[in-house]
Amino acid sequence: MDARTERGRGRIYQRGSIWWIQYFFNGQDRRESTHSSNRKVAEKLLTKRMAAKDAGTLQEVTLRRLRFEDLQASIEGEYQLNRRKSLDRVQDAFQALSRTFAGWLASAITEDRLTKYANSRIDEEKAAHATVRYELAVLKRAFRLAKVPCPPFPSIQVRNARTGFFERQDFEAVLTHLPAYLRPVMRVSYLTGWRTLSEVLPLQWRQIDLQAGLIRPDPGTTKNGEGRLFPFQSLPGLAEVIQSQWEAAQEIQRGRGVIVPWVFFRVTHKAIEPIKSYKTAWATACQTAGIPDRLVHDLRRTAARNLRRAGIPESVAMELLGHKTPEIFRRYDIKNEQDLTHAVEKLAAFHAHEAQLRDNHGTITPIRTGAGKP
């Protein structure tokens with residue numbers, strides 16, 4: 001079957017049940033599959049190509065026969081160029097995607113095939129919904145960075161937001177079972193609410209203003225890319241940790257004759273090393289303390305709750321934690337039974353006040369009915 005359009009404006013035609021479009025661009029014959037058996041899809045694609053051609057925005061890069069590996073290279077290159085901290089996570093996502101799409105043309109990755117991939121990952125490989133949603137999100141971004149037509153992506157609903165947090169006694173119990181070199185790290189995470197892996201562990205002494213009592217991470221080193229301040233001298237528990245780490249670093253420098261640039265470090269017989277991992281030690285400590293399956297990230301939620309309980313204005317709390325939007329802060333602002341108890345206590349106080357006003361103004365005596373005079 002052949003369907004011709006206006007002369008010079010290309011044509012649409014079928015190969016089997018699939019519709020294709022054909023047109024001329026830069027003196028070459030271009031043919032593209034729509035990967036669809038719907039004629040209207042072909043008509044829309046041809047109209048889009050002709051409009052771009054007329055406007056001068058149709059580019060060769062749009063028409064290249066890119067493969068899955070080209071998409072991966074485009075996003076990895078952008079992450080490397082901008083020194084994004086989540087490059088490892090993107091590479092992990094593409095490792096999972098490559099098990100299905102390796103060697104595929106980008107044009108062959110359609111909505112149906114993406115949906116099939118997502119279902120397979122969730123149902124057969126038992127991957128978390130959030131994990132699969134992230135994998136599809138980075139692939140979609142790769143399409144856009146490569147500037148090739150992007151197929152519709154399936155939407156995956158995630159309803160597994162964590163609500164964990166630490167009471168003080170639970171946190172202290174976990175600390176006692178952690179290696180000594182990790183205890184200062186986790187105490188700082190608990191007190192500041194900063195991200196342990198990306199914001200606490202990388203801290204160096206050049207970012208600590210001991211005289212002013214300020215922690216000043218460099219712009220671009222935090223998750224949102226913005227600079228931040230935390231006046232640690234005003235929080236005794238935090239000031240003690242910073243001072244203790246400083247004294248330990250100075251002692252090592254005097255004893256071993258080496259410079260210790262990191263605020264948090266690990267001492268071995270051979271060297272002084274930055275701390276790179278804590279997952280195994282943390283899981284073991286939580287298990288031993290009798291509160292398994294707790295995340296280090298729960299410390300961030302705990303800090304958000306503590307800031308609210310302390311009466312800190314939301315805008316200031318957001319700045320201390322590094323949240324860019326109120327919605328994110330409120331998601332971390334966890335409520336528990338103690339919060340509800342405080343609320344009910346306030347409600348009880350309100351009712352008691354109302355009762356006192358009633359007693360001060362007297363009560364209304366019911367009108368007696370029946371015979372007789374008062």
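Which residue in β4 stands opposite W20? In this predicted model, the residue facing W20 is S33 in β4. The sections below describe the strands around this pair, a pocket and a helix.

## Strand β3 and its partners

Strand β3 covers residues 18-25 and is joined to strand β4, residues 28-33, by six bridges. The two strands run antiparallel. Besides the W20 and S33 pair, Q22 stands opposite R31 in β4. Two residues lie between the strands of this hairpin, and N26 takes a positive phi near 55°.

Strand β3 also pairs with strand β2, residues 11-15, in the antiparallel sense, here over five bridges. Q22 in β3 stands opposite R11, and Q22 also has R31 in β4 opposite it. The hairpin of β2 and β3 has two residues between the strands, and G16 takes a positive phi near 65°. Six of the eight residues of β3 are buried, so the strand is largely enclosed by the rest of the structure.

## The second largest pocket

The second largest pocket has a volume of about 1,000 Å³. Its lining consists of 33 residues, and those nearest its centre are S33, T34, H35, S107 and P149. Of these, S33 is the residue that stands opposite W20 in the strand pairing described above.

The elements that give two or more residues to the lining are β3, β4, α1 (39-55), α2 (60-63) and α5 (111-124). By residue class, the lining of this pocket divides into 16 nonpolar, seven polar and ten charged residues.

## Helix α7 and its surroundings

Helix α7 spans residues 168-176, and F171, V174 and L175 are buried within it. Seen down the axis of α7, its buried residues fall within an arc of 105°, so they line one face of the helix. An α-helix has 3.6 residues a turn, so residues three or four places apart point the same way.

Which residues are exposed on the other side of α7? Q169 and T176 are exposed there. The buried residues of α7 are covered by elements including α8 (183-192), α11 (279-288) and α12 (298-309).

Technical notes
Residues are numbered from 1 along each chain as its sequence is written. This is a predicted model: local features need pLDDT of at least 70, side-chain atom pairs count only at pLDDT 80 or more; totals for chains, interfaces and linings use all residues. Side-chain values use heavy atoms; hydrogens and water are left out. Buried means under 20% relative accessible area, exposed over 50%, partly exposed in between (1.4 Å probe, protein chains only). Helices (H or I, at least four residues) and strands (E, at least two) are DSSP runs, numbered from the N terminus. The arc is that of the directions from the helix axis to the C-beta atoms. Contact means heavy atoms within 4.5 Å. Two strands pair if DSSP finds at least two bridges between them. On a 1 Å grid over the protein atoms alone, a cavity is a set of points where a 1.4 Å probe fits but cannot get out, and a pocket is an open set with protein on both sides within 12 Å along at least five of seven lines; lining residues have an atom within 4 Å of a point. Grid points are joined across faces, edges and corners, and a volume is the space filled by probe spheres set on the points. Ala, Val, Leu, Ile, Met, Phe, Trp, Tyr, Cys and Pro count as nonpolar, Asp, Glu, Lys and Arg as charged, and the others, Gly among them, as polar.
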